[in-house]
Amino acid sequence: MNIHEPPAESPAPTGVPARRQPAEAVAADAPATSPVGRLAATVERLRGEVRTAQAEAEGRALIELAKGILVERLGCGPAQAARQLAALTEQAQVTPLEFAVEVINQAARDRVSEVTEAFLAAAADPAGSVEESAAVRLRVAESGVLAAHDTQAMADSLLEHALRPLGAVAVAIWAAGSDGSLTLAGSAGFPAVEAARWHYVPPDVATVARRGLTEPDGQWLSSLSASGLPTIGRRDLADGARIAVPAGAGGRIHGVLEIAWPKPEEPLPRPVARQVEALAELCAHSLETFVLPAAGAQEPRVLPDVVELMDLADGLHDPALVLLPHLDDAGQLVDFRIQHVNSRFLDPAGRPRAVINGALLLEAYPLAAGTSDLFQRVERVHATGEPFRAHRMRLTALVDQVALAAVADISISRHGAGVLLIWRIEDETARLASLLQNAQRLGRIGGFEENLLTGEITWNGQLFSLYGHPPTSPPVALEELPAHAHPDDAVAIGRFLRTVLHHRRPASAAFRLLRPDGVTRHMRVVAEPVLDTDGQLILVRGAYQDISAQHWTEVALAATRDQLAHTEQQADERNRLALQLQHAIMPPAQAPLEVPGLQVAVRYRPAETEQLVGGDWYDAVVLPSGVVLLCVGDVAGHGIEAATSMVVLRNALRGLAVTGAGPAQLLSWLNIVAHHLTGAVTATAVCGLYDGERRTLRWARAGHLPPVLVREAEASALPTLKGLLLGALPDAVYEETEVQLAVGDTLLMYTDGLIERRDRSVEESLSHLLETARTAPSVLDQQLDRLLTYSRSDTDDDTCIVGIRVS
């Protein structure tokens with residue numbers, strides 16, 4: 001950002017920076033000879049004369065201040081000092097005002113002079129006009145701020161003398177409250193409506209000024225619109241740059257100086273930024289006397305002084321310290337003085353109050369700036385006014401090169417110029433005692449100690465409660481324990497007492513305690529002997545624990561385990577009987593049938609888990625007529641019911657087949673049996689009758705997968721015939737067909753356990769079966785074994801296969 005010098009205008013005192021005159025539209029458009037033009041010229045002339053008078057007054061104030069410095073340094077009178085100042089000004093070939101500012105800078109050696117010197121060192125103009133203007137501008141601004149009767153006049157002076165030459169168009173001075181709020185103490189360049197709208201900003205509201213208060217180096221925004229932060233004047237200066245600098249002095253932040261530019265700007269050069277920081281420090285000195293309005297009150301809030309703060313600390317029930325800022329010669333905060341400690345103060349190192357009172361905080365507690373960050377917390381509260389509270393914060397004191405630590409609850413708050421530090425140091429002994437008491441109560445544990453020399457017995461309150469005795473009753477001696485226990489536990493208690501009292505070894509025992517209220521509690525007692533230097537028994541100490549809940553839980557678990565074992569035994573027996581029944585009817589391997597010109601083989605593979613007794617069944621039998629009955633079926637469900645239904649359907653089909661009826665009629669009759677005589681079970685089945693003389697197979701299906709015909713190197717499923725599953729309807733009609741077989745043909749009937757998969761359709765599984773069946777070994781048994789081996793079924797279901805091969 002370039003520093004803009006004001007254009008020359010109406011005459012001003014020598015060396016005083018000229019002020020800008022805004023262009024008046026009326027004067028520009030109207031002719032100079034018209035009435036309106038003459039009126040505008042008169043107004044502009046009078047306005048220039050007022051500005052000239054103000055500049056002369058400000059310049060005279062600085063020149064008079066320089067004369068006073070020469071009077072003090074040279075020991076002369078005012079007239080001689082004036083002549084000396086004029087002579088030196090003529091020798092230096094500068095204006096009187098610029099030389100006066102140089103004299104003031106040399107004498108003051110303050111923040112303004114430091115910033116001026118830094119700016120002069122970094123300036124690039126060899127002629128010195130910019131440098132001299134910067135020095136004059138800062139001193140004129142300082143003079144205007146110090147002469148301002150309120151913060152509003154201070155804002156006007158800052159904008160006019162120091163900020164407009166930097167290109168700024170508006171300034172706002174914010175006063176920070178102890179609760180984190182911001183109050184607009186003064187503004188210039190912003191519309192009055194905006195100043196009224198932004199008179200007060202509540203705590204924790206994110207604004208540009210808030211960022212300047214929380215950031216150590218302030219907040220610079222090259223473009224206000226890019227940040228999205230709300231602030232005063234955002235409507236008119238949305239695209240301009242903003243800077244918010246904390247206004248602090250003596251280590252304490254009193255507010256924020258916010259400056260606005262009309263357009264986006266690059267970050268300020270360091271010399272210019274230091275000028276802004278110097279202006280913020282000037283604002284801080286003025287904000288020290290600014291009184292914030294109380295919330296909801298018409299009168300100003302009166303802050304307590306140090307004496308009132310000390311009285312407040314003495315009235316607290318917790319240890320408290322009153323701290324005052326301790327500044328070095330340069331006015332920088334370096335420590336806090338412990339101005340007062342109240343009567344309840346407890347030092348972590350046990351030092352008396354007189355040693356702590358009046359000492360510096362870092363001298364009394366050097367490690368406060370280390371791991372605990374206590375000093376940084378106090379410094380932050382003093383700077384911002386925002387209180388700080390912490391639970392169980394670790395305090396450390398260094399005494400005689402030994403670090404002593406304590407845990408405390410901390411509260412830090414600012415009151416006027418002082419800081420109130422309250423801490424409540426935790427009593428470690430009391431805390432451990434409370435923890436032990438709570439642990440004994442939750443664990444239902446009572447402790448005791450018995451002095452065998454004096455006969456004194458000590459119980460804690462929990463043990464009286466376990467025994468059901470009032471706290472005023474006498475404790476029960478360890479030797480009297482059998483009288484308060486169940487008679488059946490006398491042997492265990494006697495063994496426990498002998499181990500502790502006679503053998504002098506620690507021991508424990510479980511017994512049933514008979515309480516006076518008639519309640520029986522299951523207890524466990526643990527005791528250990530205490531011996532003196534001669535090995536004599538002098539004390540017995542130990543504890544009782546109520547284990548009734550644990551005992552009854554174990555009893556319930558034992559009963560549950562017994563019941564579960566019985567249930568598992570019944571289930572195993574039931575499944576074992578079902579499997580025996582199933583295997584008795586359909587053994588996994590059956591001897592081949594002796595049929596001329598036909599090879600018959602069957603395979604049955606039970607499910608992988610024996611808990612699932614299935615309803616799959618098969619049959620291959622030669623009927624009295626010489627026809628071979630071939631069938632497979634699958635009853636829905638598992639367990640005894642499915643196995644029983646399977647036996648009924650298998651035997652019923654055998655009986656019906658001797659009638660000589662065809663496959664369709666047999667399935668129709670079997671459907672009636674399934675629907676009416678077996679509790680309405682459902683099943684699928686394939687039934688076939690093979691005529692060896694004609695080499696033909698008549699077959700029908702009831703909701704089952706069709707047989708597979710393997711001829712030479714091809715395998716295909718027989719055409720699907722109509723037929724509902726068995727038991728679905730009372731009356732059902734089934735379709736049958738006849739297949740002519742040739743020598744070498746192989747016919748396969750199977751249940752869905754051979755091909756069914758959870759992740760594939762039936763069509764895909766059937767295609768895999770046909771691919772496997774195409775390579776048929778010369779032996780039928782080997783072919784059935786091969787089909788079982790390469791089966792991809794994953795449903796853990798029973799599998800039945802019936803195969804015939806024409807020879």
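Which residue in strand 6 is the bridge partner of I243? In this predicted model, in which local features need pLDDT of at least 70, side-chain atom pairs count only at pLDDT 80 or more, and totals for chains, interfaces and linings use all residues, the partner of I243 in strand 6 is I259. Residues are numbered from 1 along each chain as its sequence is written, and side-chain values use heavy atoms, with hydrogens and water left out.

The protein chain holds 23 helices and 26 strands; helices (H or I, at least four residues) and strands (E, at least two) are DSSP runs numbered from the N terminus. Of its 807 residues, 44% are buried, where buried means under 20% relative accessible area, exposed over 50% and partly exposed in between, with a 1.4 Å probe and protein chains only. Among contacts (heavy atoms within 4.5 Å) in the protein chain between residues at least 6 apart in sequence, 59% join residues at least 24 apart.

Strand 4 is joined to strand 5 (residues 242-249) by three bridges in the antiparallel sense, and W220 has I243 as its bridge partner in strand 5. Strand 5 in turn pairs with strand 6 over eight bridges, again antiparallel. In the hairpin that these two strands form, two residues lie between the strands, and G250 adopts a positive phi near 65°. Strand 6 also runs antiparallel to strand 1, to which six bridges join it; here A175 is placed opposite G255 of strand 6. Nine of the nine residues of strand 6 are buried.

The largest nonpolar core contains 31 residues, of which L158, L163, V171, I173, L257 and I259 touch the most other members. Such a core is a set of buried Ala, Val, Leu, Ile, Met, Phe, Trp, Tyr and Cys residues joined through side-chain atoms within 4.5 Å. Two or more residues are given to this core by each of helix 7, strand 1, strand 2, strand 5, strand 6 and helix 11. The greatest contribution, nine residues, comes from helix 11. A second, separate core has 28 residues, among them L653, A664, A683 and A732.

A further open sheet is built from five strands in the order 17-26-25-22-23, with antiparallel pairing. Its edge strands, strand 17 (598-605) and strand 23 (714-717), each pair on one side only. From one strand to the next, the twist averages 15°. Strand 17 and strand 26 (residues 799-806) run antiparallel and are joined by eight bridges, and I801 in strand 26 is the bridge partner of R603. Helix 23 packs on the sheet, touching strand 17, strand 22, strand 25 and strand 26, with its direction at about 30° to that of strand 17. Helix 22 lies across strand 22 (708-711), strand 23 and strand 25 (746-750), at about 145° to strand 23.

Helix 22 (residues 762-774) and helix 23 (residues 780-789) also pack on each other, at an angle of about 145° and with their axes 10 Å apart. In their contact, L769, T772 and A773 of helix 22 meet Q783, R786 and L787 of helix 23. By class, this contact has three nonpolar, two polar and one charged residues; Ala, Val, Leu, Ile, Met, Phe, Trp, Tyr, Cys and Pro count as nonpolar, Asp, Glu, Lys and Arg as charged, and the others, Gly among them, as polar.

Notes:
Pairing = 2+ DSSP bridges. Axes fitted to C-alpha atoms, helices over the stretch in contact; angles between N-to-C directions.
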